[in-house]
Amino acid sequence: PGINDTDGFFYAALIKRDRLVESSYWRYENGQLRNDRYTYHYTGRNKDVWEEIAFDWTAGVARSLRDGATTTVPLAQAAIFDKQLFQLALILDLDRGIESAHYTVIDRNELKPYALQVLGRETITIPPGKTIEAVKIAKGRTLLWFAVGYHYWPVRIEQKEDGYTLASHITSDLAALRQEEAPAHPISPPAKPRTFDGSPLP
């Protein structure tokens with residue numbers, strides 16, 4: 001599965017009225033996910049923010065354009081992801097049975113470490129009343145659940161903010177993602193850079 005032009009599931013925009021759309025353009029080379037381009041568009045709270053990051057692996061830099069200003073971030077290691085692609089990397093790592101994960105993510109004009117901890121498995125109920133087994137993960141004050149048997153698709157998020165606990169289900173057609181009926185690996189390496197919905201890179 002992929003995540004295309006959608007609200008990042010680690011962000012409160014899922015459960016607020018704000019609108020956050022992120023798109024990741026990527027390729028799969030030598031068994032590794034690699035970014036080509038990332039776009040970010042946020043609207044809400046009287047703001048309209050657009051950002052684009054272009055990854056130049058030959059030159060070893062990523063160039064971020066935001067609010068009319070361009071900044072350069074060094075790509076000092078091979079496994080550096082944007083805020084969307086690292087989510088797919090996490091799904092693949094869950095499929096491999098990891099218990100904790102650490103990722104380096106480019107955020108605006110800097111590299112940030114993302115640490116996640118697997119807390120175990122739980123049986124949860126998601127709309128419309130379907131009971132599934134899910135892996136529970138903690139990232140700071142955020143809890144996430146990923147559906148076992150459905151290629152670890154994210155199905156629930158719980159986030160604490162300003163003394164409140166906000167929870168939301170990420171609805172999806174899980175029947176189309178059943179692991180027993182799908183290929184053994186959640187993605188097929190694309191021959192060309194593609195967006196998360198599988199369409200060719202513009």
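Accessible areas here come from the Shrake-Rupley method with a 1.4 Å probe, and for residues only the protein chains shown count as cover. On that basis the chain exposes about 10,500 Å², of which carbon and sulfur atoms supply 47%. This is a predicted model: local features need pLDDT of at least 70, side-chain atom pairs count only at pLDDT 80 or more, and totals for chains, interfaces and linings use all residues. Residues are numbered from 1 along each chain as its sequence is written, and side-chain values use heavy atoms, with hydrogens and water left out.

Start with confidence. pLDDT is the predictor's confidence in each residue, from 0 to 100. The chain averages 78, and 75% of the residues score at least 70. Contact means heavy atoms within 4.5 Å.

Now the overall layout. Helices (H or I, at least four residues) and strands (E, at least two) are DSSP runs, numbered from the N terminus. The chain has one helix and 13 strands. Along the sequence the pattern reads β-β-β-β-β-β-α-β-β-β-β-β-β-β. Buried means under 20% relative accessible area, exposed over 50%, and partly exposed in between (1.4 Å probe, protein chains only). Buried residues make up 46% of the 202 residues. Of the contacts with a separation of 6 or more, 42% link residues 24 or more positions apart.

Turn to strand β7, residues 100-107. Six of its eight residues are buried, so β7 is largely enclosed by the rest of the structure. Two strands pair if DSSP finds at least two bridges between them. Strand β6 (residues 80-81) pairs with β7 in the parallel sense, over two bridges. There, Ile80 stands opposite Thr104 of β7.

Ser100 has Gln117 of β8 as its bridge partner. The β7 and β8 hairpin has two residues between the strands. In this hairpin, Arg108 takes a positive phi near 60°.

Next, Arg63 in strand β4 (residues 61-66). Arg63 is partly exposed, because its relative accessible area is 39%. Beyond its neighbours within four places in sequence, Arg63 contacts Glu52, Ile53, Ala54, Asp56, Thr70, Thr71 and Thr72. Val73 is ten residues from Arg63 in sequence, yet their C-alpha atoms lie 6.4 Å apart.

Past β4 comes Asp67, in the loop between β4 and β5 (69-74). Asp67 is not a glycine, but its phi is positive, near 55°. Asp67 counts as exposed because its relative accessible area is 64%.

Tyr152 sits in the loop between β10 (142-147) and β11. Tyr152 is not a glycine either, and has a positive phi of about 55°. With a relative accessible area of 9%, Tyr152 is buried.

Finish in strand β11 (residues 153-161), which holds Glu158. Glu158 counts as buried because its relative accessibility is 18%. A polar contact of 3.3 Å joins its side chain to that of Arg156. A polar contact is a pair of N or O atoms within 3.5 Å; within protein, one must be able to donate a hydrogen and the other to accept it, and residues adjacent in sequence count only if both atoms are side-chain atoms.
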